[in-house]
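Dear colleague,

Here is the structure I said I would pass on. My notes on it follow below the model.

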Amino acid sequence: AVARGEFYGYYLGWAGPARRAYAAGLALELPSGYSRADCVVVCGMGGSGAAGDYLAALSAAYGGLPVYVVKSAEPPRWVRGCLVYAVSFSGNTRETLNCASRAYRLGGYVVAVTTGGRLAAWARRVGVPVAVVEEAPAPRAGWPQLFYTLLGSLKAAGLIQVPGGHVEESIQLLGERERAEAEARELAEWLQGSRGSLVVLAPEPYYPVAVRTRSELAENAKLTADAAQVPEAGHNMLEAWARSGDTRILLLDPGEEPWSTLLHQAAGLARPASLHVARLRGGSMLSRMVWGTWLAGLASVRYALDAGLDPEPVKTIKAFRRVVE
Ligand code: PA5
């Protein structure tokens, strides 16, 4: 457990772990046979699996090997020959442990990404590489460690085409603390002040940021939200939102065409009870994703602190973890 203020301070200081994790990912040595990989699988739950969602979207947009994300204990049947990142911050998540060992038995090139725990012990026992990541006050607060380690490792192996300049810019953006804090405060105030069911809406390539925002709000702020993307929501959810009249929409706007126009048009048709636009800042898709993720973390913790809640404990998640053990 950490003091409430420290939890917020940890999020604010994301630039440091991001930079160190990227360097560690670039330097991670993989066995020579791993270079034969022709697909990438990421096994991980919650805050750990989230890193895989981002890489899948980035690989689709920038180019690279297809990335498939598994949020259960079952790797895909075709996992043989794939580079498999088993990501668990604690190293003790049952689904991820099972996914890793099954993928290994089926012929996947497994890498464990973790602070330690049973995952690191298993990996060392069977002889697969372990990328040890820095500690954080909670797995979700360690998003930069997990994401940038994977990104660095994929870059070093030549399996994702994100330019180095974009990575550098995204880490530098995490130095803009004053602006991030001001925007997070504004978002937290809107969350406190508005009523109705909450939807986080993003354009398709940025959907992982909407999902992460939803999960940060759930875990840190103990708030219920849904995550949706355009154009898909325009083919289903829009009908219900427009009719309900009590939908609050948090719009994640990358300021990028044709997405921004489509996003605002969809939000207009939804006739929301209240609308907040969070601008995803940055000069590249990667930076905009990182900015949105940072904002979600800071705003969710800010909301909790202002509401007198402790953002760190997740006692119901812990109860569920005992169920799957
Ligand atoms: O962010 C959290 O605290 C959770 O979503 C965890 O990431 C999730 O329970 C999985 O645990 P771990 O990341 O340790 O594998």
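How many nonpolar, polar and charged residues does the shell around the ligand have? By class, the shell has 6 nonpolar, 7 polar and 2 charged residues. In this count Ala, Val, Leu, Ile, Met, Phe, Trp, Tyr, Cys and Pro are nonpolar, Asp, Glu, Lys and Arg are charged, and the others, Gly among them, are polar.

Before the rest, two points on the source. This is a predicted model, in which local features need pLDDT of at least 70 and side-chain atom pairs count only at pLDDT 80 or more, while totals for chains, interfaces and linings use all residues. Residues are numbered from 1 along each chain as its sequence is written.

Ligand shell. Of the 15 residues around the ligand, the nearest are G46, G47, S88, S90 and R140; a residue is near if its C-beta atom, placed from the backbone, lies within 6 Å of the molecule. Helix α3 (residues 46–62) provides the largest share of this shell, 3 residues. Helices (H or I, at least four residues) and strands (E, at least two) are DSSP runs, numbered from the N terminus.

Sheet. Five strands form an open sheet in the order β2-β1-β3-β4-β5, with parallel pairing; two strands pair if DSSP finds at least two bridges between them. β2 (67–70) and β5 (130–132) are at the edges with a single partner strand each, so one side of each has no neighbour in the sheet. On average, neighbouring strands are turned by 20° against each other, direction ignored. Axes here are lines fitted to C-alpha atoms, for helices over the stretch in contact, and angles run from 0 to 180 degrees between N-to-C directions. Strand β1 (residues 40–43) runs parallel to β2 and is joined to it by 4 bridges; V40 stands opposite V67 in β2.

Two helices pack on the sheet. Helix α4 (residues 94–105) touches β1, β2, β3 (83–88) and β4 (109–114), and its direction makes about 160° with that of β3. Helix α5 (residues 117–126) touches β3, β4 and β5, at about 145° to the direction of β4. Contact means C-beta atoms, placed from the backbone, within 7 Å.

Domains. The assignment, automatic or from a database, gives domain 1 (4–162) and domain 2 (176–306). Their centres, taken over C-alpha atoms, are 26 Å apart. The contact takes 16 residues from domain 1 and 18 residues from domain 2. On the domain 1 side, α3 gives the most, with 7 residues. By class, that side has 12 nonpolar, 1 polar and 3 charged residues.

Regards
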